[in-house]
Amino acid sequence: MEWKDDYSVNLDLIDADHRVLFSLMDKLNKAVRTGKARALLPDMIKNLTEYVAYHFEHEAKIMAQYNYPLMDDHIREHDDASEKIAYFSSVVRTAADENTAKDLLEFLFGWITIHIEDSDRRLASFIRAMQGR
């Protein structure tokens, strides 16, 4: 689950956040592969939850700064993802296991790659146009 240049939206202020998210997912993936996910999952999901919240807020500020016309839809996608992550967080508090970690990884990787390929690339394209690039 390492960052690849294919995931870039060609806008450093967004790509930098995405690299951190991929790094956090990669750590969780390595914990799953080495059988350490159960012990590390509570801290990892806490870190993921906090960073996702930061990233979503960061993107919201960027969208507001550029008066992005699709901001409401984009934020709704973030809200949906946040709800799913909150669900995983609650599961971790009651019954953390390897399957929970795998399910979380599957959700995160699937969601973030689709979100980057569609919504974030559209946002970045809009910003570049507004910047005259």
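How many salt bridges does the structure hold? The structure holds four salt bridges, a salt bridge being a side-chain nitrogen of Lys or Arg within 4 Å of a carboxyl oxygen of Asp or Glu. Three of them are described below, after a note on the model.

This is a predicted model, in which local features need pLDDT of at least 70 and side-chain atom pairs count only at pLDDT 80 or more, while totals for chains, interfaces and linings use all residues. Residues are numbered from 1 along each chain as its sequence is written, and side-chain values use heavy atoms, with hydrogens and water left out.

**Salt bridges within helices**

Helices here are DSSP runs (H or I, at least four residues), numbered from the N terminus.

| glutamate 50 | lysine 46 | 2.9 Å |

Glutamate 50 and lysine 46 belong to helix H2 (residues 37–65); because they are four residues apart, about one helical turn separates them. In helix H3 (residues 71–95), aspartate 73 and arginine 76 are three residues apart, again about one turn of the helix. Aspartate 118 and arginine 122 are both in helix H4, four residues apart, or about one turn. An α-helix has 3.6 residues a turn, so residues three or four places apart point the same way.

Are the residues of these pairs buried or exposed? Accessibility is given as relative accessible area, with buried under 20%, exposed over 50% and partly exposed in between (1.4 Å probe, protein chains only). Glutamate 50 is partly exposed because its relative accessibility is 45%, and lysine 46, at 45%, is also partly exposed. Aspartate 73 has a relative accessible area of 39% and is therefore partly exposed; arginine 76, with 47%, is partly exposed too.

Helix H4 covers residues 98–130, a run of 33 residues. The expected span of a helix is 1.5 Å times one less than its number of residues, so H4 should span 48 Å; its end C-alpha atoms are 45 Å apart, which agrees. H4 bends by about 45° at isoleucine 116, the bend being the angle between axes fitted to the seven residues ending there and the seven starting there. Glycine 132 follows H4 and has a positive phi, near 80°.

The axes of H2 and H4 come within 13 Å and cross at roughly 15°. H2 is therefore roughly parallel to H4, a term for angles under 35 degrees. These axes are lines fitted to C-alpha atoms over the stretch in contact, with angles from 0 to 180 degrees between N-to-C directions. The crossing of H2 past H4 is left-handed, meaning that the near helix is turned anticlockwise from the far one by less than a right angle.

**Two exposed residues**

Arginine 93 is in helix H3 and counts as exposed, at 63% relative accessibility. Its C-alpha lies 9.5 Å from that of leucine 41, although arginine 93 and leucine 41 are 52 residues apart in sequence.

Aspartate 5 lies in the segment before helix H1 (12–33), and is exposed at 63% relative accessibility. Aspartate 5 and asparagine 29 are 24 residues apart along the chain, and 19 Å separates their C-alpha atoms.

Key:
Parallel < 35°, antiparallel > 145°, perpendicular 65-115°, else oblique.
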